[in-house]
Amino acid sequence: MTTQTVNFANYVIPKGTTIVANLWAVHNDPDVWDEPSKFKPERHLDDKGNFVQSKHVIPFSVGPRHCLGEQLARMKIFIFLVSMVQKFEFLPDPNEPDLPEIDDGVIGNGFFPYPFNFVANEI
Ligand code: HEM
């Protein structure tokens, strides 16, 4: 929250305004990412297939107010996803095979895809 009125890039931000960083814009910056709205996990691999960390991927934000729960969240997401893909095969719902576009969704506190159904078959 601004503690005083701020002049920034031709905008006047009044005292007491809550500021939220637009991390979606960072993750979809066409100056950094080739076709940012396309699902291309290989963009994070080098030519030997090793993962390459990028300073432009900041879902937990950066700086003094970055997420305090980052390590816990990363561990939980890893354990959850690995457990799921070890036990299930995920397939599109045959009754609704068209998945929503990856860049189409609802903007709020984050950017969320529209709901869709899928089938999980136990392996
Ligand atoms: C995928 C999961 C999560 C994501 C993507 C995420 C993301 C973020 C982001 C972007 C911020 C900075 C918000 C801002 O601009 O002020 C933040 C702050 C924070 N997060 Fe998370 N978070 C996650 C999970 C968690 C968990 C599991 C915890 C606690 C158990 C947590 C605790 C916090 C706290 C305490 C702050 C405030 C830090 C401060 O203002 O100094 N987060 N988080």
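**Ligand shell and loop residues in a predicted model**

Helix H2, which spans residues 70-87, contributes three residues to the shell around the ligand, the most given by any element. Helices are DSSP runs of H or I with at least four residues, strands are DSSP runs of E with at least two, and both are numbered from the N terminus. The structure is a predicted model, in which local features need pLDDT of at least 70 and side-chain atom pairs count only at pLDDT 80 or more, while totals for chains, interfaces and linings use all residues. Residues are numbered from 1 along each chain as its sequence is written, and side-chain values use heavy atoms, with hydrogens and water left out.

The shell around the ligand consists of Leu23, Pro59, Phe60, Ser61, Arg65, His66, Cys67, Leu68, Gly69, Leu72, Ala73 and Ile77. Domain 1 (1-64) and domain 2 (68-123) each supply at least three residues to the shell; the domain bounds come from an automatic or database domain assignment.

An unreviewed UniProt entry places the feature "binding site" at Cys67; UniProt positions follow the numbering used here, feature names are shortened, and annotations may be inferred rather than shown by experiment. Cys67 is located in the loop between helix H1 (23-27) and H2. Cys67 counts as partly exposed because its relative accessibility is 31%, where buried means under 20% relative accessible area, exposed over 50%, and partly exposed in between (1.4 Å probe, protein chains only).

The loop between H1 and H2 also holds Ser61, a member of the ligand shell. Phi of Ser61 is near 65°, a positive value in a residue other than glycine, and the residue is partly exposed, with a relative accessible area of 26%. Glu35 lies in the loop between H1 and H2 and likewise has a positive phi, near 45°. Glu35 is partly exposed at 37% relative accessibility.

Further residues of the loop between H1 and H2 include Phe51 and His44. Phe51 is exposed, at 57% relative accessibility, and its C-alpha is 9.8 Å from that of Pro41, ten residues away in sequence. His44 is partly exposed, with a relative accessible area of 24%. The C-alpha atoms of His44 and Val32 are 12 Å apart, and the two residues are separated by twelve positions along the chain.

Thr2 is located in the segment before strand E1 (6-8). Thr2 counts as buried because its relative accessible area is 12%. The side chain of Thr2 reaches the backbone oxygen of Pro14 at 2.7 Å. For such pairs within protein, one atom must be able to donate a hydrogen and the other to accept it, and residues adjacent in sequence count only if both atoms are side-chain atoms.

How values were computed. Near = heavy atom within 4 Å. Polar contact = N/O pair within 3.5 Å; in protein donor to acceptor, adjacent residues only side chain to side chain.
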